[in-house]
Amino acid sequence: MYKHRNSQGSGSFSWVFQRITGLILVVIMIGHYILMHYTPESGHTYDAVLARMQSNWYRVLDLTFIVLGMYHGLNGVWGIFRDYKLKSWQTITIISILIILGLAFTLWGIKTILDIPYVQTSSGLLVK
Amino acid sequence: MQVTFKILRFNPETDNEPHFEEYRFEGHENMTVLDCLHKIKWEHDGSLAFRRSCAHGVCGSDGMRINGRNHLACSTLLKDLNTKKTIVIEPLPALPIVKDLILDMTDFYEKYKAVKPYLINNTPVTEDSERLQSNENAEKLFESAKCILCACCTTSCPSTWSNNNYIGPAALLKAYRFVFDTRDEAADERLDIIDTPDGIWRCHTIFNCIESCPKEINITWHISQLKKELSNREL
Ligand code: HEM
Ligand code: SF4
Ligand code: SF4
Ligand code: FES
């Protein structure tokens, strides 16, 4: 039976943001794939990563990727769960797990990026 | 041309579960599936139960699953099916079976009623005036008004299968038909009604509904217009 009284606010926010974050993710993911997977010269050694991370633009891009990716992915998973008839204890358990996991991994990701040291000298060489 | 039909049968008085029964008969490529069901009922097994009324794709009472696809029996010709293989007939999924191909449609109609499928306008009409509608507005509603409530779409939707409380494409299409009617004054009320966890947001643009609609309505497009309208209203 369809319940047409809504106590949970509009679902349009989640719908719109899933699309906006999806669009931004296409752009970032294409860049990510080209640079990380199809351009071996870009390198995956510690030094190569450290060198990339000297750019604040690159850091901001990665932070955006983490935050939007986590939001989009977990909101997507939440959306899949909502396609099933859940009892309210199941709803509460699932949303709690998703929020805790989401926050933990997002903060961990942000911390990882922020913890990367700035080591570049004015000549552009790494001093390690 | 010999045709074989395999029909899912269920008699609530004797059966615990539905089971298939096969029928072989002489058919013709211009027979509809409904003609075949009549032939079976009149010449082979009078106990076969199914709904039909107009036999011409107007009343919407003979929606069923034909070779795995929801469609009207009266609008499906044998020549459009592979008659070399057995033709499988089942009731529409996701609704309780009353007997054989007859379903309990209560839930489907309740969802339809939930969106208030009638014109609401409490402004009195002045003397010598009518509630006029522009050609453009009529055009905008035309496709959505073609629905014959056969339930093929709602029961073909994977969101309905996983959560049968989902309001479903037929009711959403009807909501569109009145939300965008310039003569109607209850658009907001209807938008509130469909903006729920079991409402419009369970539609994931899977397009099953369009594939099954015998009136070839682009249901998903209409649902998207409602999603945009809701987003514009809320954001
Ligand atoms: C290429 C960029 C991407 C685009 C354009 C995109 C777009 C979308 C859209 C529009 C939806 C909503 C579907 C619906 O409500 O029916 C969605 C759902 C989802 N997305 Fe993405 N997405 C992208 C990348 C990602 C990534 C990287 C992840 C993983 C972190 C992800 C995980 C999900 C999940 C789990 C869902 C829910 C599944 C569903 O509703 O069908 N997406 N995505
Ligand atoms: S487009 Fe939406 S309503 Fe139609 S079948 Fe897909 S999910 Fe269901
Ligand atoms: S939209 Fe099409 S499939 Fe759905 S109930 Fe109406 S006529 Fe049937
Ligand atoms: S019998 Fe009326 S639509 Fe098929």
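# A walk through chains A and B

Start by selecting chain A and following it along the sequence: the pattern reads α-α-α-α. That gives four helices and zero strands. Keep in mind as you click around that this is a predicted model.

The accessible surface comes to about 8900 Å², and 72% of it belongs to carbon and sulfur atoms. Of the chain's 128 residues, 28% count as buried. How much of the contact in chain A, counting separations of 6 or more, links residues 24 or more positions apart? The share is 71%.

Next, pick out helix 1 of chain A, residues 12-37. This helix gives the largest share of a nonpolar surface patch, nine residues. To see the whole patch, select A:Phe13, A:Phe17, A:Ile20, A:Leu23, A:Ile24, A:Val26, A:Val27, A:Ile30, A:Ile34, A:Tyr71 and, from the other chain, B:Leu235. Together they make about 1000 Å² of nonpolar surface.

Zoom in on A:Val26, which lies in helix 1 of chain A.

Now hop over to chain B and show its strands. You'll find an open sheet of five strands in the order 2-1-5-3-4, with mixed pairing. Which strands stand at the edges? They are strand 2 (19-26) and strand 4 (69-72) of chain B; each has a single partner strand, so one side of each is left without a neighbour in the sheet. On average, neighbouring strands here are turned by 35° against each other, ignoring direction.

For a closer look inside the sheet, select strand 3 (residues 63-66) and strand 5 (residues 87-90) of chain B, which pair in the antiparallel sense over two bridges. Click B:Arg65, and then find its bridge partner in strand 5, B:Glu90.

Last stop: B:Ser212, in helix 8 (residues 208-212) of chain B. B:Ser212 has a relative accessible area of 3%, so it counts as buried. What does B:Ser212 touch, leaving out residues up to four places away in sequence? Select B:Asn70, B:His71, B:Cys152, B:Cys153 and B:Ser156 to see those contacts.

Technical notes. Residues are numbered from 1 along each chain as its sequence is written. Chains are lettered from A and ligands numbered from 1 in the order in which they are written. This is a predicted model: local features need pLDDT of at least 70, side-chain atom pairs count only at pLDDT 80 or more; totals for chains, interfaces and linings use all residues. Side-chain values use heavy atoms; hydrogens and water are left out. Patches are made of residues with over 30% relative accessible area and no salt bridge: like charges are joined within 9 Å, nonpolar side chains (Val, Leu, Ile, Met, Phe, Trp, Tyr) within 5 Å. Accessible areas come from the Shrake-Rupley method with a 1.4 Å probe; for residues, only the protein chains shown count as cover. A salt bridge is a side-chain nitrogen of Lys or Arg within 4 Å of a carboxyl oxygen of Asp or Glu. Buried means under 20% relative accessible area, exposed over 50%, partly exposed in between (1.4 Å probe, protein chains only). Contact means heavy atoms within 4.5 Å. Two strands pair if DSSP finds at least two bridges between them. Axes are lines fitted to C-alpha atoms, for helices over the stretch in contact, and angles run from 0 to 180 degrees between N-to-C directions.
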